[in-house]
Amino acid sequence: AMATLRISLAEIQNKEQQLDLLLNQFRAQLRRLPRQVVYGKTSLGASLSALAEIEERLADALATRRRLLTIKKAAREELEALELIKRVDEARRSLADLRQRLLVSGEDEESLAEVRRLEQFIAEHSKRAEWAITASYQERQQVS
């Protein structure tokens, strides 16, 4: 799932860059076109029509970019939640391994400090992961 989200985010980033280039192109056209009328290169009617078409395309590209950013935000939040869950799982495995070693070799101050650190990490980040997952779930339910 994380690999799929990373690929999707790369695809989204590429599309965002394409849209940014397109937006810049439309804005440049809107700046240049009135000068062409002033210098007689195009007729007033043709220029007004072209300006209207460019403005429409610009508005559509802006709306597309806004929708794309909504999708990008959702994908990033999902990826962050999954990464958080992965880190919590890794911490749980490390804690279990450490506790097993402590049973065999005995307790020392450094190992006990590491146990406390891992337990604190798991407690804090488990709650954050729960919030991220719950918020994501609730948003999906509201949309349905």
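What follows is a short chat about the cores and salt bridges of a predicted model.

Trainee: What should I keep in mind about the numbers?
Mentor: It's a predicted model, so local features need pLDDT of at least 70 and side-chain atom pairs count only at pLDDT 80 or more, while totals for chains, interfaces and linings use all residues. Residues are numbered from 1 along each chain as its sequence is written, and side-chain values use heavy atoms, with hydrogens and water left out.

Trainee: OK, how many residues has the largest nonpolar core?
Mentor: It has 16 residues, and F26, L30 and I54 are among those with the most contacts inside it. A nonpolar core here is a set of buried (under 20% relative accessible area) Ala, Val, Leu, Ile, Met, Phe, Trp, Tyr and Cys residues joined through side-chain atoms within 4.5 Å.

Trainee: Which helix gives the most to this core?
Mentor: α1, with nine residues. Helices are DSSP runs of H or I, at least four residues, numbered from the N terminus.

Trainee: And what does F26 touch, leaving aside neighbours within four places in sequence?
Mentor: I54, R57, L58 and A61, with contact meaning heavy atoms within 4.5 Å.

Trainee: Switching topic: how many salt bridges are there?
Mentor: Ten in the whole structure, each a side-chain nitrogen of Lys or Arg within 4 Å of a carboxyl oxygen of Asp or Glu.

Trainee: Where do R99 and E119 sit?
Mentor: R99 is in helix α2 and E119 in helix α3, 20 residues apart. Their side chains meet in a salt bridge at 2.1 Å, N to O.

Trainee: What about R117?
Mentor: R117 forms a salt bridge with E114, with the closest N and O atoms 2.8 Å apart.

How values were computed
Buried < 20%, exposed > 50% of the residue type's maximum accessible area, 1.4 Å probe, protein only. Helix = DSSP H or I, 4+ residues; strand = E, 2+ residues; numbered from the N terminus.
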